[in-house]
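Subject: Structure handover

Hello,

Here is the structure I promised to pass on. Please have it open while you read the notes below.

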Amino acid sequence: MKEAGLDGRHRDKDGGISKKHGNTLVGTLRKIYGKGFAAGYPDATELNAVLAQLNETSLSQLRRDHDTGHLGHKISHASK
């Protein structure tokens, strides 16, 4: 049985994002999603460290782009 995460989310739903993009810095993701992404965490924090604590807005943005296959492209573009 899957363990429920924060807000009733199951850990495996975010596993694909974490596995593929977990070492992405919050600062890079803020270039994509705005200054409010992962509010309260320093820019140098890796996504793995904050993924389970993200608010619903930040998490839904990530999931949408990951599910459509756009997240990797957006990250590589923002990292330049």
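Start where two helices meet. Thr28, Leu29, Lys31, Ile32 and Tyr33 of H2 are in contact with Leu71, Lys74, Ile75 and Ala78 of H5. Contact here means heavy atoms within 4.5 Å. Helices (H or I, at least four residues) and strands (E, at least two) are DSSP runs, numbered from the N terminus.

Before going further, two notes on the source. This is a predicted model, where local features need pLDDT of at least 70 and side-chain atom pairs count only at pLDDT 80 or more, while totals for chains, interfaces and linings use all residues. Residues are numbered from 1 along each chain as its sequence is written, and side-chain values use heavy atoms, with hydrogens and water left out.

How H2 and H5 cross

Two packed helices are described by the angle between their axes and the distance between the axes. The axes of H2 and H5 come within 9 Å. They cross at roughly 105°. Axes are lines fitted to C-alpha atoms, for helices over the stretch in contact, and angles run from 0 to 180 degrees between N-to-C directions. H2 and H5 are therefore roughly perpendicular to each other. On this scale, angles under 35 degrees count as roughly parallel, over 145 as roughly antiparallel, 65 to 115 as roughly perpendicular and the rest as oblique.

The chain as a whole

The chain has five helices and zero strands. Its pattern along the sequence is α-α-α-α-α. There are 80 residues, and 35% of them count as buried. Buried means under 20% relative accessible area, exposed over 50%, and partly exposed in between (1.4 Å probe, protein chains only). The accessible surface comes to about 5,100 Å². Carbon and sulfur atoms hold 52% of that surface. These areas come from the Shrake-Rupley method with a 1.4 Å probe; for residues, only the protein chains shown count as cover. Of the contacts between residues at least 6 apart in sequence, 51% join residues at least 24 apart.

H2 and what covers it

Six of the eight residues of H2 are buried, so the helix is largely enclosed by the rest of the structure. The buried ones are Val26, Gly27, Thr28, Leu29, Arg30 and Tyr33. Their cover includes H3, H4 and H5. Gly27 sits in H2 and is buried at 16% relative accessible area. Its C-alpha atom is 7.7 Å from that of Thr45, which lies 18 residues away along the chain. After H2 comes Gly34, with a positive phi near 105°.

The nonpolar core

Which residues have the most contacts inside the largest nonpolar core? They are Leu29, Phe37, Leu47, Leu51, Leu54 and Leu62, in a core of 14 residues. Helix H2 (26–33), helix H3 (47–50), helix H4 (56–68) and helix H5 (71–78) each supply at least two residues of this core. H2 gives the most, with three. A nonpolar core is a set of buried Ala, Val, Leu, Ile, Met, Phe, Trp, Tyr and Cys residues joined through side-chain atoms within 4.5 Å.

Phe37 and its surroundings

Phe37 is buried, at a relative accessible area of 1%. Leaving out residues up to four places away in sequence, Phe37 touches Val26, Leu29, Arg30, Leu54, Ser58, Gln61 and Leu62. The structure holds one aromatic pair. The ring centres of Tyr33 and Phe37 are 5.4 Å apart and the planes are at 25°, so the pair is stacked. Rings of Phe, Tyr and Trp (its six-membered ring) pair if their centres lie within 6.5 Å; planes under 30 degrees apart count as stacked, over 60 as edge-to-face and the rest as tilted. Tyr33 counts as buried, at 14% relative accessibility.

Ser58 is in helix H4. It counts as buried, at 3% relative accessibility. With residues up to four places away in sequence not counted, Ser58 touches Gly36, Phe37 and Ala38. Ala38 lies in the loop between H2 and H3. Ala38 counts as buried at 4% relative accessibility. Its phi is positive, about 50°, although Ala38 is not a glycine. Most residues other than glycine have a negative phi.

Is Lys20 buried or exposed? At 62% relative accessibility, Lys20 counts as exposed. Lys20 is in helix H1 (residues 15–21).

Best wishes
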